[in-house]
Each structure stands twice: as structure tokens, then as C-alpha cells.
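Biologist: I would like to learn how to read a fold. Please take me through one, step by step.

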Amino acid sequence: GNGVRLVGATSNIDLRGNDLQDTSKGVLFVDVSTVWPSNVRITGNHLPTGIQNQNGRTGVIIRNNTGFVTEANGTATVASGQTTVAVTHGLSTDTATSGYKPELQDIVLTPQNSLGNATKYWVSASTNTTFTITVDADPGATTAIFGWQIAKR
């Protein structure tokens, strides 16, 4: 297909300011496979179908690419009688079957009100499409409202 493919243990790559266009097969991607290169920045590109990542992303920065959402925010509520809420984050995923889920440390929670009966909160799971906010006790009638921010790095 058409696109850019980064393969092997290459280092110090700065892929910036590219506009990948579909010219034949409709395949547009940045594919970082086999072994992630070290010290790689993929920023400021137009990537209509996103990034294919087959083996993790340690040491790679992917930000500000049109057509590939890497940052989002919103609010979520843990309702009375519940201790968790699944939040749909809206971030892009890769095209590989192995997925491209955000790391838990990339998700920041900020309480927007009293947590009611709950005293602790944390992110307990992350998938390609959602993450889960958990509180240590049913918040009760107050409910627990959180602002959240997430940025894949």
C-alpha cells in the first residue's frame, strides 16, 4: 500500500509535516512494526487512515496528526448504586488487530464534585475504545462526577 513504514531498530526519526495521499489502493498508514525504533516522533502529519502499530509503542511520540485523534477530554459520572463507569474516549485506534489502547498513566482524572461515600478513585482498565473509572464505595445520592483528559504518547 501507500504510506510510510518504519521497520526495525532505527533511532532518532522525526516524521513531521507530511500529507499522505491515497493514489491507488486506499491504504494510508504509518506502520511501525517488528521492533519499535527508539526516539521516534510522529507529529503534524495528515494521516487519513491513521497509524498501524503491531508491537507496542514504547519511546514513540504520536501527536497532532490530522485524521488521527491522540487527545480527548470529557466528563463521566459514577451513578448512585454503582462503583464503576465505562467511558468511551473517542481516540483513534490503529488498524492492527492487536489494538492500540492508551496506557493508564496517560489518563488524568479530576473530581468535579464531592465523591459522596467514596473516598478513592482510579482508572482500572483501558481498551481501544474505553477506559473504566472505579471508586472504592457507592457514592450514594451525591454521585461522583469526574473530568478526564487523555493523551496517547
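Biologist: In what order do the three strands of the open sheet stand?

Modeller: The order is β7-β12-β9, and the pairing is antiparallel. Strands here are DSSP runs (E, at least two residues), numbered from the N terminus. Two strands pair if DSSP finds at least two bridges between them. This is a predicted model: local features need pLDDT of at least 70, side-chain atom pairs count only at pLDDT 80 or more, and totals for chains, interfaces and linings use all residues. Residues are numbered from 1 along each chain as its sequence is written, and side-chain values use heavy atoms, leaving out hydrogens and water.

Biologist: Which strands stand at the edges?

Modeller: β7 and β9 do. Each has a single partner strand, so one side of each lacks a neighbour in the sheet.

Biologist: Over how many bridges do β7 and β12 pair?

Modeller: Eight bridges, in the antiparallel sense. Thr-75 stands opposite Gly-147 in β12.

Biologist: Now the core. What is the general idea?

Modeller: In soluble globular proteins, nonpolar side chains tend to be buried together. A nonpolar core is a set of buried Ala, Val, Leu, Ile, Met, Phe, Trp, Tyr and Cys residues joined through side-chain atoms within 4.5 Å. Buried means under 20% relative accessible area (1.4 Å probe, protein chains only).

Biologist: How many residues has the largest nonpolar core?

Modeller: It has 18 residues. Leu-109, Phe-131, Ile-133, Phe-146 and Trp-148 have the most contacts inside it. β12 gives the most to this core, with four residues.

Biologist: What does the second, separate core include?

Modeller: That core of eight residues includes Ile-13, Leu-20, Ile-42 and Phe-68.

Definitions and conventions. Buried < 20%, exposed > 50% of the residue type's maximum accessible area, 1.4 Å probe, protein only.
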